[in-house]
Amino acid sequence: MTENLAAPSGTFELGGDLPVVRLGYGTMQLPGEGVWGPPRDHDEALRVLRRAVEIGITFFDTADSYGPYVAEDLLREALHPYADDVVVATKAGLTRQGPGLWTPLGQPAYLRQEVELSLRRLGLDRIDLFQLHRIDPAYPVADQVGELKQLQDEGKIRHIGLSEVSVEDLQEAQKTAEIVSVQNLYNLANRDAEELLDHCTRENIGFIPWFPLATGELSSADGPLAAAAKEHDATPSQLALAWLLKRSPVMLPIPGTSSVDHLDSNTAAAAIELTDAEFEALSSAA
């Protein structure tokens, strides 16, 4: 029987009723360079997704813009019909004009179209977590979130989340719908979203840090991350994930990779327990 590598990270209930294993998987690295076009190795991409389920990952984060559409198609090809405990979160609100190019579009009719298309691509009757990929300043927040709320009322979305927002953005959106998660750039080396994370921790709102493995100079040979990693017989990336998991009980890291070996290595971080002293030392060093 395959070892459940992800389980030691614990669980979190999105919206109070949707349990996920806290250490998840992000699909952004599956498409080609610039998050554009098909994967370099299609079969390996499928193996990564299937392996993720084998080792206990239940939370898969994707978006219509990854590819575009490539990551959602791969998820369905690899995992449909989905296991009962698998939760697929997707997003809309960023359009693609080429490799590395992203433009917000929050027109309500467009958001509705993308929800309907994601349902078809993923092979679902209802999307467990649908996230507004960016708030588009060209449209009122109430109109963008309101369209998702309408789709929720129609039974096509279970829960609503936001991406790259401030506390004020979150509170504005909450006037229109319940928000169960936010997804912002956050890692050991970049903690600009600290205020939002603290707010989410108090309110029990899931916090999904994207780019969770960025460590910068912290993991250099003589850096604090490398030293701590040696103590735990672990890699700097594993320590960075262990730090995130200890930082807050609402933290849901989604490290992405297109390699089965890297997937196993990342997920093994769930079993690493930092002492309070190690956690503080890493926090201070960063």
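User: Axes here are lines fitted to C-alpha atoms, for helices over the stretch in contact, with angles from 0 to 180 degrees between N-to-C directions. At what angle do α7 and α8 pack?

Analyst: About 95°, with the axes 8 Å apart. So α7 is roughly perpendicular to α8 (that class covers 65 to 115 degrees; under 35 is roughly parallel, over 145 roughly antiparallel, the rest oblique). Note that this is a predicted model: local features need pLDDT of at least 70, side-chain atom pairs need 80 or more, and totals for chains, interfaces and linings use all residues. Numbering starts from 1 along each chain as its sequence is written, and side-chain values use heavy atoms, without hydrogens or water.

User: Which residues make that contact?

Analyst: From α7 (residues 224–231), L225, A226, A228 and A229. From α8, P236, L239 and A240. Contact means heavy atoms within 4.5 Å. Helices are DSSP runs of H or I, at least four residues, and strands are E runs of at least two, numbered from the N terminus.

User: How many residues are in the largest nonpolar core?

Analyst: 62. L14, F59, F207 and L239 have the most contacts inside it. Helix α8 (residues 236–247) gives the largest share, 6 residues. Such a core is a set of buried Ala, Val, Leu, Ile, Met, Phe, Trp, Tyr and Cys joined through side-chain atoms within 4.5 Å. Buried is under 20% relative accessible area, exposed over 50%, partly exposed in between (1.4 Å probe, protein chains only).

User: What does F207 touch?

Analyst: Leaving out residues up to four places away in sequence, its partners include V182, Y186, L196, L197, C200 and M251. N184 is also one of them.

User: Now E278. Buried or exposed?

Analyst: Buried, and without a salt bridge (a Lys or Arg side-chain nitrogen within 4 Å of an Asp or Glu carboxyl oxygen). K246 is the nearest side chain of opposite charge, 8.0 Å away. E278 sits in helix α10 (residues 276–285). Beyond its neighbours within four places, E278 contacts H232 and E273.

Terms used: Lys and Arg count as positive and Asp and Glu as negative; His and the chain ends are not counted.
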